[in-house]
Structures are given as C-alpha cells and as structure tokens.
Amino acid sequence: MGIKERYNLKQIYEKPLISEASMKTRIEGIHCLKISSPLYIQYEITKDCNYRCVFCYNVWKNKKKDSIKERELTLKQQLKIIDKLAEMNVFGLILSGGEPLVSKNLFKIIEKASKRYKIEVSIITNGALLTEEVCKKLKECGLSDMQISFHSFKEKDNDDITGTRNSFRRTTLGIRNALKYFSPEKININMVPIKKTYDDVYSTAKFLKNLGVINFTVSSYVYTGNKKLDEEIAPNKKEFQEIYDQIVKVKNELLMRTFIGGCYPLCSLNKRIDDEVISLIGNICDAGVTQLVIGPNGDLRPCVAYDHILGNILEDDPLKIWKNSKILTKIRRMENIPSLCEGCKHLIICRGGCRASAYNKYKKFDSIHPLLEND
Amino acid sequence: MTEYVLFKHPELKIRRENFGGIIKTARGLFLIDKKVYLLLNSIDNKKRYSELAKDKESKMIIDELLKLKVILKIKEKNAERIRDSNQKKAKSL
C-alpha cells in the first residue's frame, strides 16, 4: 500500500517504494525524487531593498538594471505568473526579493495565490516595513507565514550588518507587530551569523524569545552575491562549529524550535553525525528537485544561489524546462558532487554542502564546500 | 452498524503524478500510489465509508488515511443533523 512514503529529509534522494517516483543518480544506490513539476516556488518579486546587508546572496544584484531583461515585471505579468504556478499545481509559494514589502504589488500577488488558488504563501522579509496596518493586511490577504531576518541582539552590530541605521529598532518593532497578528508558530526569525556575530547566536535567540518568538533559525553563509567580502565576513569551520553548539543550546535550554539552514557539509562539524545533528538540519538541497526560483524579471533558476538561467516563465513552458533542462538533470543526477564525498553515508543528506557556494568560490560545481577549505 | 460519512481534510492538497500522486497534509508530504490517488479522488464532497471500503485493500487504505487525518469521518446521523441545521440557517438569512 503506497501511503507510507513520508517525504522527509532523506527521501528526496532515497529510492521510494513507488519506483516510478524516482530516478537513478550518478552515484550507486542513491536515487532522486522524480515529480512532474516543482512543489514549491520561491519568487523574488523585486530587486529593490531598503537594507544593504553585507552578506546578501542575491546573484543578480550586481547586474545592470537598465537592460530590458533585467527590468521588473508589471502587476499584470506578475499575476500571470501566479496563474502559471496554479497550472503547475505547486503547493507553496515563497515571496522574497530584494525586500518583498517594498513592492506595491505584494498584497495582490498574495491574495490571488492564496485565495483564488489555495496556494500556501509565505514571505521572507527584513521586517522594517511591518507596521500593524501592514501585518493586518497581510493576514487579510491570506499570508500563511513569514520569515523575518534579524542578525544580532546588539543594536550597533545589527545596524552595521544591514548597512542601515535604525534597522535594529525597525526590525524589532516589525517582529512585535507580526506577533500581534500571526500566531508565533507562523513566524520564524532567521539570523545569518558572520565572523563578527558568530558567538552571538545564543544571546540573539534569548533576546528574541523575550519578544515572544518561538521559532529561531540560522542560515549558513552562502558564498554568492558580493564575493569580495566573503573572505572577510564568512565564518570559518571552527566558528561554524561554535554556531552549531549554540544552536544545540537554543534547542535544549531555551526550548525554541530551531535548525541550521542553507546546506552545509556535515563533516565540517567536528563531531559524530548522530540523530541530533540530523534533527538540526533545516533543509537539504532541493534545487531543481522539488523547488525552482523565479527572478524579478521572470527568469527561472534552480535555486536562489544559482546564477544559471533555465528560461523565462512568461516566455517558455516551465513544465518543459522542468522536464528537459540539462542543468536540472545534472543536479538531479548528482553530477556536481565532489569526488571526496563519494562513498560517504551522509551524502544523501548533505550533498557536500551548497553546490552554488562551491561554484561561486572555486568556479567548479564539483569542488569542495568553502567551509572545508583548510582540511 | 454505525455508518460513517467520509470527507477530505479541508486543508488537504492533492497532486496527480505518473506514479499516483503527492498529498500535503499537516503532518507533511506523502507520496501515494495510483490506487490511493483514485480512492482519494473519488471522494468528491463526501462519501459513505461502506461505499469506499468495498474490499480488504480499500478498507486498509481508508483506515490508514483516517489515521493520518488525510480524510475525516463523522457519523452519518450527525452529518444529517448538521446538514439540516445549515439548511435552516441558510433559509433564515
């Protein structure tokens, strides 16, 4: 009987009982989930942002704004995209940017997706524009949940990281407002620890807990966007280990729901990979397997960190791209896995860490993850 | 014997695939085979348990779906009572 196929972390790359739901990868014994279209879409609805975060991973931010292809879409075009997503039967839509709340079209996009098509919609925001009125409107439009970025309990550090004065105060107020209109289960606060703040993870979680937050996550550093700063601000392996140790404390002492997102190599942690380590992994790479990303101009990419354009959702058939793209096939077949990782029993979960980060740092998709650089 | 009426969980999402389908429930995502997909899809609005669980295999599937809260059940008598009360409310509006 085929309903025990609980789809979890490992099962994307495990051979399921329903054999037609999987394809072989290049690596023996590892299979990849094979479905007709993505389950989730992240749509970067705008390039504009009111913060200037030092670690921003947006792959398109250094490109020229004036080329026609790079221009953002009209409301009509954006709503057309929502129609296409409904045709593709996607379950969930994550709206990001830039900063999605900067877009005047946001509410209409959420409303159409959630009310007309019953697609579960969430946003990733820096929280600066989350006034009470905005939160109320988001709720009325049918927004399901949100992730708010917040990077340090120290006001100055937070403002330095976002490159924006008063961002600490604005985001803190935004979190408070969000908690008035959404249940705490529906709000996740995400921190991107950098060299300057890696030992502030626990204290930042504690600060947020006092605001009423129950979901707190950290993202591992993504080596895309402004690569010049990576050397200066990306945590190294030792610092990453300390981030992990604090997350364990956040879980056990503060009793918050927590994990580390962003696909890091498990062997970068100096410890045995046990159930606790696995339980604190936020996501494994599902680029091109269950998820696709739509850029501000409608371009399709495998994930937010990949700069490889697969086509354009308004000009091409996204289902054909999903089925036939050579790039997606390579990713699904695990052709970008470092040879070092072959034979590792954890490969099915970690895939050697974020492949886009590895590519951006070393210009080779099958290179090691930057966190393993000095090993 | 008490007859039950079955209906899909209001937040259930179902998607068709070549191998059957994918369902999204509060407990997570599940892959389902063709038999399960067809059974689930046959519950349009509501359906009697006895109509759906015709054979041993169907009964097993339905019971598993009930356990996972993919579908919900209500006693037929209670369903009728709710329907009648809703109709009255609608007329009075």
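Two residues are in contact when heavy atoms of theirs lie within 4.5 Å. The views below are taken from a predicted model.

**View 1. Chain B as a whole.**
Chain B holds four helices and six strands. Followed along the sequence, these elements come in the order β-β-β-β-α-β-α-α-β-α. The C-alpha trace of chain B spans about 45 × 30 × 20 Å along its principal axes. Of the 93 residues in chain B, 42% are buried. Among contacts in chain B with a separation of 6 or more, 52% are between residues 24 or more positions apart.

**View 2. Where chain A meets chain B.**
On the chain A side 25 residues take part in the contact, and on the chain B side 24 residues do. The size of an interface is often given as the accessible area lost when the parts come together. For chain A and chain B the buried area is about 2100 Å², and carbon and sulfur atoms account for 65% of it.

**View 3. Charged and polar pairs between chain A and chain B.**
Two salt bridges are counted between the two chains, chain A and chain B. A salt bridge joins the side chains of A:Glu120 and B:Lys24, with 2.9 Å from N to O. Polar contacts between chain A and chain B number six residue pairs, with both residues at pLDDT 80 or more. On the side of chain A that touches chain B, the element that gives the most is strand E1 (residues 5–7) of chain A, with three residues. Sorted by class, that side of chain A has 14 nonpolar residues, seven charged residues and four polar residues.

**View 4. The ring pair of A:Phe150 and A:Phe207.**
A pair of aromatic rings is described by the distance of the centres and the angle of the planes. Over all chains, seven aromatic pairs are counted. In one of them, A:Phe150 and A:Phe207 are stacked, with 5.7 Å from centre to centre and 10° between the planes. These two residues stand 57 residues apart and link distant parts of the chain. A:Phe150 lies in the loop between strand E7 (145–149) and helix H4 (155–162) of chain A, while A:Phe207 belongs to helix H6 (residues 201–211) of chain A. A:Phe150 has a relative accessible area of 0% and is therefore buried. A:Phe207 is partly exposed, because its relative accessibility is 23%.

**View 5. The ring pair of A:Tyr359 and A:Phe365.**
The ring centres of A:Tyr359 and A:Phe365 are 4.2 Å apart. Their planes meet at 20°, so this pair is stacked; the cut-off for stacked is under 30 degrees. A:Tyr359 is partly exposed at 26% relative accessibility, and A:Phe365 is partly exposed at 23%.

**View 6. A cluster of phenylalanine rings.**
A:Phe150, A:Phe168 and A:Phe207 are linked into a cluster by ring pairs.

A:His31 sits in strand E3 (residues 31–33) of chain A. Its relative accessibility is 12%, so A:His31 counts as buried; the cut-off for buried is under 20%. Leaving aside residues up to four places away in sequence, A:His31 touches A:Ile12, A:Tyr13, A:Glu14 and A:Lys15, and also A:Ser22, A:Met23, A:Lys24 and A:Thr25.

Notes
Residues are numbered from 1 along each chain as its sequence is written. Chains are lettered from A and ligands numbered from 1 in the order in which they are written. This is a predicted model: local features need pLDDT of at least 70, side-chain atom pairs count only at pLDDT 80 or more; totals for chains, interfaces and linings use all residues. Side-chain values use heavy atoms; hydrogens and water are left out. Buried area is the accessible area (1.4 Å probe) that two parts lose on being put together, summed over both. A salt bridge is a side-chain nitrogen of Lys or Arg within 4 Å of a carboxyl oxygen of Asp or Glu. A polar contact is a pair of N or O atoms within 3.5 Å; within protein, one must be able to donate a hydrogen and the other to accept it, and residues adjacent in sequence count only if both atoms are side-chain atoms. Ala, Val, Leu, Ile, Met, Phe, Trp, Tyr, Cys and Pro count as nonpolar, Asp, Glu, Lys and Arg as charged, and the others, Gly among them, as polar. Rings of Phe, Tyr and Trp (its six-membered ring) pair if their centres lie within 6.5 Å; planes under 30 degrees apart count as stacked, over 60 as edge-to-face and the rest as tilted. Buried means under 20% relative accessible area, exposed over 50%, partly exposed in between (1.4 Å probe, protein chains only).
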